[in-house]
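Thanks, everyone. Please bring up the model on your screens, and I will walk you through a few places in it.

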Amino acid sequence: MTSPARIPRISFTALVLAAVAALLSALLGPSAAQAAPGESRPVYSYDHAIRESVWVDTGLDGDADGRTDRVAADIVRPAEPARQGRRIPVIMDASPYYSCCGRGNESQKKTYDDRGRPAGFPLFYDNYFVPRGYATVLVDLAGTNRSDGCVDVGGPSDIRSARAVVDWLAGRGRAYTARTGGRPVAAGWSNGRTGMIGKSWDATIANGVAATGVSGLKTIVPISGISSWYDYYFSQGAPLYDSGPDSLAGLVESPATGTHCVAVQRALAAGAPRSGDWTPLWTARDYVRDAGRVRASVFLVHGMQDLNVRTRHAGQWWDALARHGVERKIWLSQTGHVDPFDYRRGAWVTTLHHWFDHYLMGYDNGIERAPGADVERAPGHWSTDARWPAPGTAATVLRPRAGSAPGVGVLGTAQAPRGTTETFTDDPRHGEADWAARAGQPTADKAGFSTGALRRPLRLSGSGTVTVTATPSTSTAHLSAVLVDLGPATIRNYTADGEGITTLDRRTCWGLGTPADTGCFKETAADTKKVAYTVFSRGWADLGTYADARKGRPLIPGKPYTITLHLAASDHVVPAGHRLALLVGGTDTGLIDPPASRPALTLDLSRTSAALPLTGGAPAFARATAGAPRPPSGGAPLDGLAPPHAPSRLPAGG
């Protein structure tokens, strides 16, 4: 693959070369122009690109004002293809953030010139891809910025906002030159092939539109996207936030909506009770159930330490796409909620370029035959696999047993004797950082189990589960299970403000630019820290959902209950000499909200186990632990990252 163009500024020579290339393209004709290079080239003028806005009719009246809603779509496209009679594909980012919060590491917003035409687009997509023959279309979701309607947080209006634009680009929809009135306008310049991209809420919309099966959507690139909105607010009944989607709608909604959207926000509040019970509102916002309708290819990107849009979203979406044979690729970083442009910039731009060239331009560049998974092993160091989870991975059952000190046990394959128990008390002041730092010490707020020092590396690739049989002392209880690599490492500082990156002062340019949209962005570097342990997967649940994951119920104190916690997807190698630990506690402070009481929980170790995705399966675990000494107990607390602070309630990614 070639390196992406990093253009410090538009030079006279570059403009001359672009003009000559465009002239040759026109003289040779469409077929010869497309057959020339193995990838799209920056042969079109960005400075003279067509910049326009249209308002696409969604067919809905979400704000109940008596007319169907129109959503604003701002467009930048090269002028030359239309003059040559050529139609071009579209890269589209539908977002609620273009005026309220901004996009990217620098929180960029849309800007307009004195005639109301789009002047500045956030991110690099227009600067890089428009000169290569793509149109870039940025859509204001219903109820945001310059669009009609109301925000319904991933529901039918959100998805219809973006799907209507895909339909219009494919020649099936209606659009106008103004928000009200105006003349009809067709996308005669579009070849009907659209790729959707975006981070966080934008990525979520790409997932949701793909799950409608809309024709013309050829690929999506969801970065840190939500796959089911229930799992953004709850984890098996345990609340992740103390507010719901109604509050989120209020944060992004345009002031122009006035009182028109009060009823929608009330419906959001009523449909999302803080009990954690599943309701029809969540069904309408569950894209995983419709993965079988996806026609587009999927290039999924997620940070394995994302504590905003947790990696449960990536894992369940990926697994559902796999079950239905969707063509797909994945990148997993060690960052938090961070765009790959800000942690692997050069490789990201090149890979994205080839991805869009293949699925939107039709180039046979081999991207679909390349390794399907890239995983960050250490800050800035990546490995590849043909597919993900790694070939040879199998669910392997590991079991906890009591050790030499209370609450400090052994993790292995042998089952604990019947009647063996460990007891801890929920302490909402503590969480995974406290538990891991004292993994080898008896503490009142957790039970921990670990292997001895591994003789060989052990890789966990995919999603696991932990099944717990616990007896509570009160009628409400929350449970947390975390997997920890006990051993020294240098990792990204994902609990810091940059979530694993540091933003620098110097800039580089990615594509062509204008004074209003330079295409130049601040560089970043890895923010790292040396630690003595790494938490790499987590799962949470309300024990009251033991019988039905969609509905909680009061517990009877003194009665045992069995529940299976779903761990977030991950890909982590525990090196030789390190120990693998499973820690079980109550409230994971900062990441889930506490229950109404502070229960003591007694674990029945003979009925507690973990099914973990080990590459090589049980034989690999046996080889890694053969002859390993029993894990030590005691010792000084281990150094790690600062405890996770309560993550943003806004899946913004700004």
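Start at Val137, in strand β6, which runs over residues 135–140. Keep in mind that this is a predicted model. Is Val137 buried or exposed? Val137 has a relative accessible area of 0%. That is under the 20% cut-off, so Val137 counts as buried.

What touches Val137, beyond its neighbours within four places in sequence? The list has Ala73, Asp74 and Ile75. Then come Val90, Ile91, Met92 and Asp93. Val165 and Trp189 complete it. One distance to note here: Val137 and Asp126 are 11 residues apart in sequence. Their C-alpha atoms are 8.6 Å apart in space.

Next stop, helix α6, residues 201–210. How many of its residues are buried? The count is 10 of 10, so the helix is mostly covered. Trp201 is buried, and Ala210 is too. Between them, the buried residues include Asp202, Thr204 and Asn207. Which elements cover α6? Among them are three strands: β3 (88–95), β8 (190–199) and β9 (217–223). The cover also includes helices α5 (156–169), α8 (245–252) and α11 (312–323).

Now go to Asp571. This residue sits in strand β27, residues 570–574. Asp571 is buried, because its relative accessible area is 2%. Which side chains make polar contacts with the side chain of Asp571? One is Arg377, at 2.6 Å. Another is Ser461, at 2.7 Å.

Now zoom out to the whole chain. The protein has 14 helices and 30 strands. Its radius of gyration is 26 Å, close to the 26 Å that the globule rule gives for 654 residues, so the protein is as compact as a globular protein of that length. Along the principal axes, the C-alpha atoms fill a box of roughly 80 × 55 × 45 Å.

How much of the protein is buried? Buried residues make up 60% of the 654. Look at contacts between residues at least 6 apart in sequence: 79% of them join residues at least 24 apart.

Last, the surface and the charges. The protein exposes about 23,500 Å², and carbon and sulfur atoms supply 53% of that. There are 68 positive and 59 negative charges, and their mean positions are 5 Å apart.

How values were computed: Residues are numbered from 1 along each chain as its sequence is written. This is a predicted model: local features need pLDDT of at least 70, side-chain atom pairs count only at pLDDT 80 or more; totals for chains, interfaces and linings use all residues. Side-chain values use heavy atoms; hydrogens and water are left out. Helices (H or I, at least four residues) and strands (E, at least two) are DSSP runs, numbered from the N terminus. Buried means under 20% relative accessible area, exposed over 50%, partly exposed in between (1.4 Å probe, protein chains only). A polar contact is a pair of N or O atoms within 3.5 Å; within protein, one must be able to donate a hydrogen and the other to accept it, and residues adjacent in sequence count only if both atoms are side-chain atoms. Contact means heavy atoms within 4.5 Å. The radius of gyration is taken over C-alpha atoms; the globule rule is 2.2 Å times the number of residues to the power 0.38. Accessible areas come from the Shrake-Rupley method with a 1.4 Å probe; for residues, only the protein chains shown count as cover. Lys and Arg count as positive and Asp and Glu as negative; His and the chain ends are not counted. The place of a charge is taken as NZ of Lys, CZ of Arg, CG of Asp or CD of Glu.
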